Structures are given as structure tokens and as C-alpha cells.
Protein chains: 2
Amino acid sequence: MKNMCIDKLYLVEPREFPAPRAVWRAAGAKDVLSDAKVVNSLDEAIEDCGLVIGASARERRIPWPVLSPRECGEKIWMEAANQSIALLFGSEDRGLCNEHLQKCHYHVCIPANPDYSSLNLAAAVQVLTYEIKMASLAQTDDKFHSNHTWDMPYATSKNIELFFKHLEETMTGIEFHDPDNPKQLMTRMRRLFTRVRMDEMEVSMLRGLLSAVQRK
Amino acid sequence: MKNMCIDKLYLVEPREFPAPRAVWRAAGAKDVLSDAKVVNSLDEAIEDCGLVIGASARERRIPWPVLSPRECGEKIWMEAANQSIALLFGSEDRGLCNEHLQKCHYHVCIPANPDYSSLNLAAAVQVLTYEIKMASLAQTDDKFHSNHTWDMPYATSKNIELFFKHLEETMTGIEFHDPDNPKQLMTRMRRLFTRVRMDEMEVSMLRGLLSAVQRK
């Protein structure tokens with residue numbers, strides 16, 4: 001929960017609270033646990049919520065509106081500005097009971113191996129909170145796409161051309177390359193080194209290597 | 001893993017194997033554990049892989065190409081038909097070391113709370129395998145069929161390692177590289193040549209060039 005920026009935990013009739021084992025396992029998220037609200041019934045936990053979604057592993061006899069984890073994350077993120085929202089999880093061994101599932105506007109079901117479909121509680125919480133986090137990032141920016149920052153500027157086309165010239169000279173000088181019978185060597189070199197989008201330092205480094213070869 | 005339909009587990013130098021505690025925790029996925037391959041080095045685990053992606057929590061001093069979990073799931077699903085793919089995870093306490101991260105074509109980073117960003121190993125495995133599962137479910141979408149055709153197979157990790165070894169020897173031989181004062185040369189070379197995902201012919205071509213340098 002805390003990894004995914006969610007911090008409001010309600011515990012309905014916990015067997016033991018506070019539980020030393022839980023505190024120990026919470027590691028750096030002990031604050032979430034110590035701030036948890038303990039309530040005597042699910043109704044009390046969700047009374048202020050305008051949207052209630054329950055995690056459900058199984059198909060129910062009476063089908064309920066079902067969201068995928070992704071839809072669930074998007075819906076929660078979209079609606080969280082205006083109201084409180086509850087995401088319900090049942091106990092490790094039995095999941096949510098039918099009575100509690102029927103208090104939900106939606107069920108959310110995590111796609112899984114048909115032969116082994118039941119996730120641990122922690123795993124289910126991880127997936128669903130992850131999708132909320134992803135929805136929040138999609139909303140605010142595209143930072144989680146691969147437009148990551150790089151430590152060096154991309155090499156200019158000019159410097160890339162100078163590199164290829166240097167490469168060809170060096171390969172010719174050591175008789176690895178015969179300009180009169182080039183085959184596909186330079187074409188393949190070009191494809192390799194343009195595909196990678198070298199940065200300026202990489203170009204300098206490779207040209208330094210070529211100069212060292214030439215000096216020898 | 002098994003929940004998300006993934007069943008090939010490699011363990012690199014496990015502290016204990018088989019470990020009764022792990023067997024107990026595996027619950028209905030004991031088959032994955034008993035079929036796990038135990039190897040003595042990461043190189044052995046990934047030698048046949050044409051794509052290697054490592055889970056990384058932190059920013060590195062020298063940034064590597066980074067995928068979001070969703071991009072990672074899609075990439076793995078798209079490319080898994082043609083080759084073996086490795087998704088690497090480090091130990092619970094320390095994650096992957098730099099040496100191992102530098103064997104990866106991509107790093108994958110799970111967006112998280114900046115104040116509490118480090119996921120448990122199990123949580124990270126859950127998120128990344130979930131995204132592979134989600135990509136598999138979306139397989140009917142056209143975008144996942146958009147190929148990605150190439151004339152040569154991707155180079156295997158084994159051949160890429162042999163190339164790096166050859167490169168380092170050659171650079172040392174011509175006194176361009178000083179193994180006793182390496183600076184960041186090999187790291188930057190590794191980043192450049194893993195990022196581009198060389199094909200087998202490109203590796204042969206570059207090794208031919210290195211051999212020509214050595215002969216001179």
C-alpha cells in the first residue's frame with residue numbers, strides 16, 4: 001500500500017491488533033499500520049464511501065459488474081478527487097464472503113492462471129494498488145514511459161558522420177575493410193551505430209578507440 | 001509466477017536449496033520450485049537468452065535504457081515466441097548488483113512512492129509477471145502483431161559476453177584501456193552495446209574487427 005502511495009487502512013474485526021508480527025512485517029510502513037482504523041463491521045468502514053469495489057477471485061453464481069485491475073485503477077483514480085472510495089479485500093484463507101461482495105458496486109478480478117488462480121492477499125493488494133498508481137501517473141505525466149533522462153546529449157548527425165568516416169579509415173588501414181570490395185560491412189556498421197542513438201560521450205569514446213588503433 | 005502462468009525459474013547460487021521454508025511457502029506452486037534450475041553464475045542462467053531485462057529500484061549513476069512494467073510485459077510477450085528471455089531479480093536485501101545490471105538490455109523500474117519506493121521481491125515479481133499476463137491477454141490487439149522483423153537472430157548473452165571479453169582484451173592490448181584504472185570505460189561500452197541489442201552477425205562482424213586489430 002505505502003509503496004503505491006496509499007495510506008488509509010481499515011481493519012474489520014481483526015483477529016489481533018496491534019499484532020507484533022504485523023508490525024515487524026510492516027518494515028518501513030509501520031505508520032500505515034499504526035494509523036489503521038479498527039472497526040467492528042464492514043458497514044462502519046465504508047459508510048462514507050461513494051464507490052466500493054471488492055477484490056474477488058472467483059466467478060460468482062450471480063454475476064456482478066466486474067472490472068479488470070486496470071479499469072479498477074483508472075476508475076478509482078478518476079473518482080477519488082470527489083469522494084472516498086473503498087477497495088475491499090477478504091481474509092487470506094477465504095476472501096470476501098458473499099454478503100460483503102454484495103455491498104460492492106463492482107468486483108475486480110485479477111486475470112490469472114486458470115490452473116492456479118488464487119493470489120495471496122499481499123499479491124492482490126500489490127497488483128490493485130499498482131494499477132491505481134499507474135492510473136495516477138498516466139493522468140499527471142508520462143514520466144513512467146521510457147522518455148527517461150539520459151546523462152549525455154545525443155550525438156549530432158555531424159559527429160556521427162565523422163565517426164563513420166573515422167571507422168572506415170581505420171578498418172581500411174588495418175586491412176579489415178576493402179573499399180573496392182566493400183560488401184555490406186559499412187552498411188551493417190551504419191545500421192548498428194545509428195540504431196543505438198549514441199550519445200556524445202559514446203562517440204568520443206569510440207573515436208578515441210579508433211585513434212588508439214591507428215597509433216599502433 | 002505460477003499465478004501469472006510463468007514457470008521457468010533459475011536460481012543463481014541460492015543460499016539453500018531445496019529449502020523446506022521455501023517449499024512450504026510455495027503452497028500450490030511446488031512444481032515451479034522443484035523444477036527450478038540451480039546454477040553457479042548468472043552467465044550460466046542467461047547464456048541462451050536473446051533478451052535480458054533486470055528489475056532495478058534505483059537510479060544508476062550511468063542511466064541504462066529503462067522500461068516501465070507495462071512496456072516490459074508487452075516486450076516480453078511480443079518477443080517470447082522467437083527466443084528465450086530472462087527477467088532478473090536480485091536478492092531481497094540488496095537487489096541486483098551493478099555487474100549483473102550491466103548484462104541487461106533493459107532495466108525495468110516499478111513506479112512507486114518516492115518516500116518508500118523499495119518493493120519486496122515477491123511484490124516486484126507479482127507486478128512484472130502480472131504485466132506479462134496482461135500483455136498476453138491483449139494479444140489480439142493489432143499492436144502486438146506489429147512485427148518487429150529482423151534479418152538475423154539477436155545475439156545470445158553468451159556471445160555478447162565473449163564479445164565484451166574480446167573487446168576488453170583488445171583495448172588493453174593497444175593500451176587504450178588500463179584494467180588497473182578502468183574508469184567507466186567498460187561500463188559505457190557495455191551500456192552502448194547492450195542497449196543496441198546486437199544481432200549475431202553484428203557480433204561476428206565486430207569480433208572480426210577486433211581480431212584484425214589484434215593481428216596488427
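**Exercise 1.** How many salt bridges does the rule find across the interface of chain B and chain A?

*Solution.* Start with the ground rules. This is a predicted model, in which local features need pLDDT of at least 70, side-chain atom pairs count only at pLDDT 80 or more, and totals for chains, interfaces and linings use all residues. Residues are numbered from 1 along each chain as its sequence is written, chains are lettered from A in the order in which they are written, and side-chain values use heavy atoms, without hydrogens and water.

Next, apply the criterion: a side-chain nitrogen of Lys or Arg within 4 Å of a carboxyl oxygen of Asp or Glu. The rule finds 10 salt bridges across the interface. One of these pairs D199(B) with R191(A), with the closest N and O atoms 3.1 Å apart.

**Exercise 2.** Describe the interface of chain B and chain A by contacts, area and residue class.

*Solution.* Take contacts, meaning heavy atoms within 4.5 Å. Here 62 residues of chain B touch 59 residues of chain A.

Then take the buried area (accessible area, 1.4 Å probe, lost by two parts on being put together, summed over both). The value is about 5200 Å², with 66% from carbon and sulfur atoms. N3(B), Y116(B) and R188(B) supply 13% of what chain B buries against chain A, more than any other three residues.

Last, sort by class. Ala, Val, Leu, Ile, Met, Phe, Trp, Tyr, Cys and Pro count as nonpolar, Asp, Glu, Lys and Arg as charged, and the others, Gly among them, as polar. The side of chain B that touches chain A has 39 nonpolar, eight polar and 15 charged residues.

**Exercise 3.** Why is helix 8 of chain B described as largely enclosed?

*Solution.* Helices are DSSP runs (H or I, at least four residues), numbered from the N terminus. Buried means under 20% relative accessible area (1.4 Å probe, protein chains only).

Now count. In helix 8 of chain B, 11 of the 11 residues are buried, so the rest of the structure largely encloses this helix. Among them are M186(B), R188(B) and F193(B). The cover includes helix 8 (185-195) and helix 9 (200-215) of chain A, plus helix 7 and helix 9 of chain B.

**Exercise 4.** Which residue caps the N-terminal end of helix 9 of chain B?

*Solution.* Look at D199(B). Its side-chain oxygen lies 3.0 Å from the backbone nitrogen of M201(B), capping the helix. Then follow helix 9 of chain B inward: its buried residues include E200(B), V203(B) and L206(B).

Technical notes:
Buried < 20%, exposed > 50% of the residue type's maximum accessible area, 1.4 Å probe, protein only. Helix = DSSP H or I, 4+ residues; strand = E, 2+ residues; numbered from the N terminus. Polar contact = N/O pair within 3.5 Å; in protein donor to acceptor, adjacent residues only side chain to side chain.
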